[in-house]
Amino acid sequence: MTRDEIILNNLSLVYFVLKKLNIKINSNDYEDLTNEGVIGLINAVDTFKEDKNVSFSTYAYTCIRNQILHTLKKSKLICISLSTEIGEGITIEDIIESNKPDILEKIILDEQLNYLKYLLDNVLNKEDGYLIKNLYGIGCNKKTQVVLAEELGCKQGNVSKCQNKLEKKLRMCYN
């Protein structure tokens with residue numbers, strides 16, 4: 001099969017992806033997104049490798065979807081209302097409301113954070129406390145293992161091993 005034949009035979013996949021995304025937009029934008037989907041399909045045809053143990057349609061679906069989503073993100077074609085239903089009778093607003101911690105949860109989280117800070121300052125030595133605080137951004141900006149390894153003059157693998165050891169130690173204090 002030639003490249004053009006593969007593209008023509010799989011055009012319906014573009015419409016399928018658009019339908020699956022369930023995007024509410026006007027007809028001009030729909031046409032633009034269809035064109036973007038075709039670009040994604042062409043990219044899929046050009047970059048597909050048969051030796052990767054994945055079917056072409058699965059690979060093309062992902063390429064088309066990513067191209068469309070990239071375009072939506074870039075052009076900000078979508079405006080979502082908080083009252084948009086995302087499930088049976090469930091709106092985005094419902095999820096936001098249910099994710100707000102109540103005052104009791106906030107107090108418990110604050111207590112746990114204070115206890116963690118106590119453990120870091122009193123159970124771990126100064127260097128270990130510094131390492132955990134910086135890895136998780138507790139009272140400072142979060143740093144990666146690589147950045148901390150450079151600061152401490154050691155290898156990233158050593159920071160990782162130390163992190164695992166310290167996390168076990170802290171877990172034992174919580175139990």
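# Packing, salt bridges and ring pairs

Isoleucine 42 touches Arg3 and Ile7, when residues up to four places away in sequence are left out; contact here means heavy atoms within 4.5 Å. The model is predicted, so local features need pLDDT of at least 70 and side-chain atom pairs count only at pLDDT 80 or more, while totals for chains, interfaces and linings use all residues. Residues are numbered from 1 along each chain as its sequence is written, and side-chain values use heavy atoms, with hydrogens and water left out.

Isoleucine 42 has its place in helix H3; helices are DSSP runs (H or I, at least four residues) numbered from the N terminus. At 26% relative accessibility, isoleucine 42 counts as partly exposed. On this scale, buried means under 20% relative accessible area, exposed means over 50%, and partly exposed lies in between (1.4 Å probe, protein chains only). Isoleucine 42 and alanine 60 stand 18 residues apart in sequence, with 8.7 Å between their C-alpha atoms.

## Nonpolar cores

Which residues have the most contacts inside the largest nonpolar core? They are Ile23, Leu33, Leu41, Phe56, Ala60, Ile64 and Ile68, in a core of 17 residues. Helix H2 (11–21), H3 and H4 each supply at least two residues of this core, and its largest share, 6 residues, comes from H4. The term denotes a set of buried Ala, Val, Leu, Ile, Met, Phe, Trp, Tyr and Cys residues joined through side-chain atoms within 4.5 Å. In soluble globular proteins, nonpolar side chains tend to be buried together.

Another core, of 13 residues, lies apart from the largest one and has Leu116, Leu120, Leu148 and Val159 among its residues.

## Charged side chains

The count of salt bridges comes to 4, where a salt bridge is a side-chain nitrogen of Lys or Arg within 4 Å of a carboxyl oxygen of Asp or Glu. One of them joins the side chains of aspartate 46 and arginine 3, at 2.8 Å from N to O. Aspartate 46 lies in helix H3 (residues 27–47) and arginine 3 in helix H1 (residues 3–9), so this pair ties together parts that are 43 residues apart in sequence. A further salt bridge is formed by lysine 133 and aspartate 121, with an N to O distance of 2.6 Å. This pair links distant parts of the chain, since lysine 133 is in helix H7 (residues 126–136) and aspartate 121 is in helix H6 (residues 103–122), 12 residues apart. The side chains of lysine 143 and glutamate 151 also meet in a salt bridge, at 2.7 Å from N to O.

The table gives the accessibility of these partners.

| Residue | Relative accessibility | Class |
|---|---|---|
| Aspartate 46 | 46% | partly exposed |
| Arginine 3 | 40% | partly exposed |
| Lysine 133 | 23% | partly exposed |
| Aspartate 121 | 49% | partly exposed |
| Lysine 143 | 24% | partly exposed |
| Glutamate 151 | 41% | partly exposed |

Aspartate 128, found in helix H7, is buried yet has no salt bridge. Its nearest side chain of opposite charge is lysine 165, 4.5 Å away; Lys and Arg count as positive and Asp and Glu as negative, whereas His and the chain ends are not counted. Residues up to four places away in sequence aside, aspartate 128 touches Cys162 and Leu166.

## Aromatic pairs

A pair of aromatic rings is described by the distance of the centres and the angle of the planes. Rings of Phe, Tyr and Trp (its six-membered ring) pair if their centres lie within 6.5 Å; planes under 30 degrees apart count as stacked, over 60 as edge-to-face and the rest as tilted. By this rule there are 4 aromatic pairs. Phenylalanine 48 and tyrosine 59 form a tilted pair, 5.6 Å centre to centre with 50° between the planes. This pair links distant parts of the chain, 11 residues apart: phenylalanine 48 is in the loop between H3 and helix H4 (56–75), and tyrosine 59 is in helix H4. Tyrosine 59 is partly exposed, at 26% relative accessibility.

Tyrosine 115 and tyrosine 118 make a stacked pair, with centres 6.4 Å apart and 20° between the planes. Because they are 3 residues apart in helix H6, tyrosine 115 and tyrosine 118 are separated by about one helical turn. Tyrosine 115 is partly exposed at 34% relative accessible area, and tyrosine 118 is partly exposed at 48%. Ring pairs also link Phe48, Phe56 and Tyr59 into a cluster.
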